[in-house]
Amino acid sequence: MALARAFAPGKVILLGEHSVVYGHPALAGPLEQGVTVTLDSSDSGLLIKCPVDAPQLTSAVKRCASLFRLTDVSVELGGDLPQAVGLGSSAAVSVALVRAFAAATQLNMRPQGLLDRAMELESEFHGAASGVDHNVSFERKLIRFVKGRRGQPLVLPKAVEAVVWVVEPRGSTREKVAALRRRREYEPEPVDRIFQRIGELADSAVEALERGEVARAGHAMDENQRLLDALHLSTPGLDAEIRELKSLGALGAKLTGAGGGGSVVGLFEDADPVVARLVAEGKRAFVARWEATE
Ligand code: MEV
């Protein structure tokens, strides 16, 4: 029997990527897909079994083992979350690792303590993370998130459904965040104006979803996409799939995650038939659904 096993979901950002790094609100929710970490005892020190050979993953596992002072252990990473396409795989790895190690060492840590350790591991992946990915993976709810605070779960009068479509490989989040930081240093005012507006849109989408006005949240996503495009974060591939989601009836659609490739997300009244159609065409798409809370 395994020493401990933990699952942590990936995430999809509905509004607010990048501006969230500068203190503006974002809206994001968990996926069904995620990362599983299984720990077993080992006679030969720290063993890492991982389906992909990524040095950052190895470093994160080592760092976690040393944080929890558990060294004779085999760590197996698995799961069904697409990697490096804007769906929060590195945060899910960090959260699943911390949960598994805390269970194995029978440490009764408070949620904030676990979250802080998961954020510590994130520095292996991208340094200046806002924390939105971790908070979603940790809370497993659709949340409004502001950097430095715990995510606030939305109160939903009706379920919210989205189509997530993995489009193309993406460069590193660390580089995208750093490039935008350089651009902001060069021309602070226009970039800050855009970030400010994206934050306002995120809040207007939060308010709309809490009133059951999904179409209004969709309009906010459309405007968010235009602003991300103005920051050169979209690509022709992402643009084409966003147009396709709109032609399939999306109430709003945009890139999700750091941009420059990755995935797109569309808000729908009924996401199942859209995903069925995309999958039948050989596309990599799935439904994200957050149930009503009242
Ligand atoms: C990455 O999922 C989202 C970004 O806003 C970076 C971050 O919030 O850490 C691009």
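## Ligand contacts

In this predicted model, a side-chain N or O atom of lysine 11 lies 2.9 Å from an oxygen atom of the ligand. Serine 130 also has a side-chain N or O atom by a ligand oxygen, at 2.6 Å. For aspartate 133, the distance from a polar side-chain atom to an oxygen atom of the ligand is 3.0 Å.

## Glycine 261

Glycine 261 sits in the loop that runs between strand 8 (252-256) and strand 9 (262-268). Its relative accessible area is 0%, which is under 20%, so glycine 261 counts as buried.

Apart from neighbours within four places in sequence, glycine 261 contacts Glu168, Pro169, Arg170, Thr235 and Leu238. Leucine 238 is 23 residues away in sequence, yet the two C-alpha atoms are 6.5 Å apart in space.

## Helices 5 and 6

Two packed helices are described by the angle and the distance between their axes. Helix 5 covers residues 173-186 and helix 6 covers residues 188-210. They pack at about 125°, and their axes are 6 Å apart.

On the helix 5 side, the contact is made by Leu180, Arg183, Arg184, Glu185 and Tyr186. These meet Pro188, Val191, Asp192 and Phe195 of helix 6. By class, the contact has five nonpolar and four charged residues, with no polar ones.

Conventions. Residues are numbered from 1 along each chain as its sequence is written. This is a predicted model: local features need pLDDT of at least 70, side-chain atom pairs count only at pLDDT 80 or more; totals for chains, interfaces and linings use all residues. Side-chain values use heavy atoms; hydrogens and water are left out. Axes are lines fitted to C-alpha atoms, for helices over the stretch in contact, and angles run from 0 to 180 degrees between N-to-C directions. Helices (H or I, at least four residues) and strands (E, at least two) are DSSP runs, numbered from the N terminus. Contact means heavy atoms within 4.5 Å. Ala, Val, Leu, Ile, Met, Phe, Trp, Tyr, Cys and Pro count as nonpolar, Asp, Glu, Lys and Arg as charged, and the others, Gly among them, as polar. Buried means under 20% relative accessible area, exposed over 50%, partly exposed in between (1.4 Å probe, protein chains only). A polar contact is a pair of N or O atoms within 3.5 Å; within protein, one must be able to donate a hydrogen and the other to accept it, and residues adjacent in sequence count only if both atoms are side-chain atoms.
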